[in-house]
Amino acid sequence: MPSVTDIIRDSVVDFSRLQDWMISAKKNNDTETYELMYKRYIELKVILTTAGVNLAEIDRIKE
């Protein structure tokens, strides 16, 4: 079973990667893909906020 630290680390990595993809989708006007990824973005924000991670430095989407 993964530790809380492992879950937080994995979520931060996923959050960062997802933001890269979202920025690319928005740049390429791929709104359908962006909206699909936005759902996961919100889920990861909830997980990280609940875990006490300060998103001020790592949230590049800011929505």
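Contact here means heavy atoms within 4.5 Å. Welcome to a predicted model, where local features need pLDDT of at least 70, side-chain atom pairs count only at pLDDT 80 or more, and totals for chains, interfaces and linings use all residues. Residues are numbered from 1 along each chain as its sequence is written, and side-chain values use heavy atoms, with hydrogens and water left out.

**Gln-19**
- Apart from neighbours within four places in sequence, Gln-19 is in contact with Tyr-41, Ile-58, Asp-59, Arg-60 and Ile-61.
- Gln-19 belongs to helix H1 (residues 4-27); helices are DSSP runs of H or I with at least four residues, numbered from the N terminus.
- Gln-19 counts as buried because its relative accessibility is 0%, the cut-off being under 20% relative accessible area with a 1.4 Å probe, protein chains only.
- The Gln-19 side chain comes to 3.2 Å from the backbone nitrogen of Ile-61.

**Helix H2**
- Buried residues of H2 are Tyr-34, Met-37, Tyr-41, Leu-44, Lys-45 and Leu-48, and they pack against H1.
- Just after H2, Gly-52 has a positive phi of about 90°.

**How H1 and H2 meet**
- The axes of H1 and H2, which are lines fitted to C-alpha atoms over the stretch in contact, come within 10 Å and cross at roughly 150°.
- H1 is therefore roughly antiparallel to H2, a term for angles over 145 degrees on a scale from 0 to 180 degrees between N-to-C directions.
- Residues of H1 that take part in the meeting with H2 include Phe-15, Leu-18, Gln-19 and Met-22, while those of H2 include Tyr-38, Tyr-41 and Ile-47.

Note on methods: Helices (H or I, at least four residues) and strands (E, at least two) are DSSP runs, numbered from the N terminus. Buried means under 20% relative accessible area, exposed over 50%, partly exposed in between (1.4 Å probe, protein chains only). A polar contact is a pair of N or O atoms within 3.5 Å; within protein, one must be able to donate a hydrogen and the other to accept it, and residues adjacent in sequence count only if both atoms are side-chain atoms. Angles under 35 degrees count as roughly parallel, over 145 as roughly antiparallel, 65 to 115 as roughly perpendicular and the rest as oblique.
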